[in-house]
Amino acid sequence: MLYKFIKFAVLIFFFIGTAEAQNIDEVPLKIPDSIITPFPSLVEFANKHDIALNHIEIRDDDSKSEKGNCVNFLITLYRGSSMQQWFTIITQDIVTTEESQLKPLPDETVYTSTGRVFKFKNTKTALNLKLIGPFTASKSNSDKRYIKQLNNPYRVLISQEKLNCDLEIYAERSLVLAKRVEEAGAKERDFFYIGSSNPISENDIEKGKSFIKIVHPTDEEERIGFDFYFALRSFYDAAMAIDEFKEIVYKVINKPSIWSIITNPGISTNINYYFTDVHPFKAGGFGIEFPVYEQPLRLFFNGKIALRASIIMTKPRSPLKACAGIVGLYAEHPIDKDKRLLIQLISANIKS
């Protein structure tokens with residue numbers, strides 16, 4: 001199944017076998033499974049300010065997210081032979097009295113071509129985010145700038161339910177569904193599936209019978225199929241609240257042409273992925289001793305591929321609820337392969 005999302009917004013589409021996806025003959029991305037060595041200047045600054053860079057503590061229980069739980073990511077941007085690094089600190093917090101009085105996050109309803117309807121609740125929680133850098137191998141900015149970044153966190157209100165989406169279960173069920181497709185001798189193009197925030201037409205429900213016939217999804221399996229999108233969206237919404245992070249990401253994106261923008265009012269942003277592409281990541285990858293999985297995806301602007309990426313994910317065990325269980329991201333410019341971005345979990349700490 002190809003999941004295709006429009007604008008990270010309320011409108012959600014899932015298409016099977018679209019031409020824009022099938023016409024891309026790609027070599028799988030090669031993701032480092034061990035932590036890239038942080039630059040000495042980055043390590044020196046982190047040590048000076050008691051910031052953990054090499055301690056991963058994950059608790060395998062169902063405890064609720066706690067204020068103070070923290071995850072740190074190392075961000076490495078490659079542009080040809082040059083490299084820059086940042087580290088980001090994401091800390092779980094609680095909603096203040098003033099924030100609780102703001103307009104609540106809207107619940108979401110998704111209609112699918114199987115005729116099923118799914119409702120998703122959203123309850124506000126808070127994250128504090130800091131992005132420190134850039135650091136380089138030769139030299140970096142003065143500590144004054146980094147201290148300012150350290151003392152001025154971004155704050156984002158986000159859905160607790162989306163942060164808690166269980167990506168381990170999503171991956172496990174994807175492997176089961178992919179096995180059904182394989183046993184049926186089918187390919188993604190052999191079936192149709194679409195989901196939307198608006199009711200599905202009778203014509204699309206009729207076409208969707210091919211998906212039911214081949215995949216036989218239960219109500220629970222179909223609902224779980226949305227978990228990756230919602231977790232990714234929460235991770236994306238939090239990261240893009242940081243202005244400097246947007247600038248980093250844009251350096252590896254194949255931006256739409258002026259002509260494309262003129263002929264397509266605004267920019268249509270699509271993210272798509274197949275559940276049949278999910279596979280286990282290397283055991284112990286990124287220093288995590290629990291099952292970890294990889295989900296490749298593609299970003300499109302106005303129908304043209306803008307980015308190839310893979311998400312490394314696991315169950316959002318505490319304190320990974322602060323990052324929706326996403327522990328890594330590798331992205332590559334689809335044309336200029338020298339432009340790459342690697343985000344790796346480098347520490348995870350539970351409030352004592």
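**Strand pairing, cavities and local geometry in a predicted model**

Strand 3 (70–79) is mostly covered, with nine of its ten residues buried; buried denotes a relative accessible area under 20%, exposed one over 50%, and partly exposed the range in between, with a 1.4 Å probe and protein chains only. The model is predicted: local features require pLDDT of at least 70 and side-chain atom pairs count only at pLDDT 80 or more, whereas totals for chains, interfaces and linings use all residues. Residues are numbered from 1 along each chain as its sequence is written, and side-chain values use heavy atoms, with hydrogens and water left out. Strands (E, at least two residues) and helices (H or I, at least four) are DSSP runs numbered from the N terminus.

Strand 3 pairs with strand 4 in the antiparallel sense over ten bridges; pairing requires that DSSP find at least two bridges between two strands. Within this pair, Asn72 has Ile89 of strand 4 as its bridge partner. The hairpin formed by strand 3 and strand 4 has two residues between the strands, and Gly80 in this hairpin takes a positive phi near 65 degrees. Strand 3 also pairs with strand 15 (residues 339–349), again antiparallel and over ten bridges. In that pairing, Thr76 stands opposite Leu342 of strand 15.

A separate description applies to an open sheet of three strands, which has the order 6-5-9 and antiparallel pairing. Its edge strands, strand 6 (117–120) and strand 9 (195–196), each pair on one side only. Strand 5 (residues 108–112) is joined to strand 9 by two bridges, and the two run antiparallel. Thr112 stands opposite Gly195 of strand 9.

Three cavities of 30 Å³ or more were found in a search of the whole structure. A cavity is a set of points, on a 1 Å grid over the protein atoms alone, where a 1.4 Å probe fits but cannot get out, and its lining residues have an atom within 4 Å of a point. Grid points are joined across faces, edges and corners, and the volume is the space filled by probe spheres set on the points. The largest cavity has a volume of about 150 Å³. It is lined by 18 residues, of which Thr88, Ile90, Leu129, Phe235 and Ala239 are the closest to its centre. At least two lining residues of the largest cavity are supplied by each of strand 3, strand 4 (82–93), strand 7 (124–135) and helix 10 (227–239). Helix 10 provides the largest share of this lining, four residues. By residue class, the lining of the largest cavity comprises 16 nonpolar, two polar and no charged residues; Ala, Val, Leu, Ile, Met, Phe, Trp, Tyr, Cys and Pro count as nonpolar, Asp, Glu, Lys and Arg as charged, and the others, Gly among them, as polar.

In helix 4 (residues 143–151), the buried residues are Tyr146, Gln149 and Leu150. They cover an arc of only 100 degrees around the axis, and therefore lie on the same side of helix 4; the arc is that of the directions from the helix axis to the C-beta atoms. The buried residues of helix 4 pack against helix 2 (40–48), strand 4 and strand 7, where contact means heavy atoms within 4.5 Å. Exposed residues Lys144, Lys148 and Asn151 are carried on the face of helix 4 turned away from its buried side.

Glu221 belongs to helix 9 (residues 219–224) and is buried, with a relative accessible area of 6%. Apart from neighbours within four places in sequence, Glu221 is in contact with Arg173, Leu177, Arg180 and His216.

Most residues other than glycine have a negative phi, and most peptide bonds are trans. The peptide bond joining Gly133 and Pro134 is cis, with omega about 5 degrees; Pro134 is in strand 7. A cis peptide bond also runs from Ser318 to Pro319, with omega near 10 degrees. Pro319 lies in the loop between strand 13 (304–313) and strand 14 (326–332). Ala324 is placed in the loop between strand 13 and strand 14; this residue has a positive phi of about 60 degrees although it is not a glycine, and is buried, with a relative accessible area of 0%. Phe286, in the loop between strand 11 (279–280) and strand 12 (293–301), has a positive phi near 60 degrees. Phe286 is buried, with a relative accessible area of 2%.

How values were computed. 1 Å grid on protein atoms, 1.4 Å probe; cavity = no way out; pocket = protein on both sides within 12 Å on 5 of 7 lines; lining within 4 Å.
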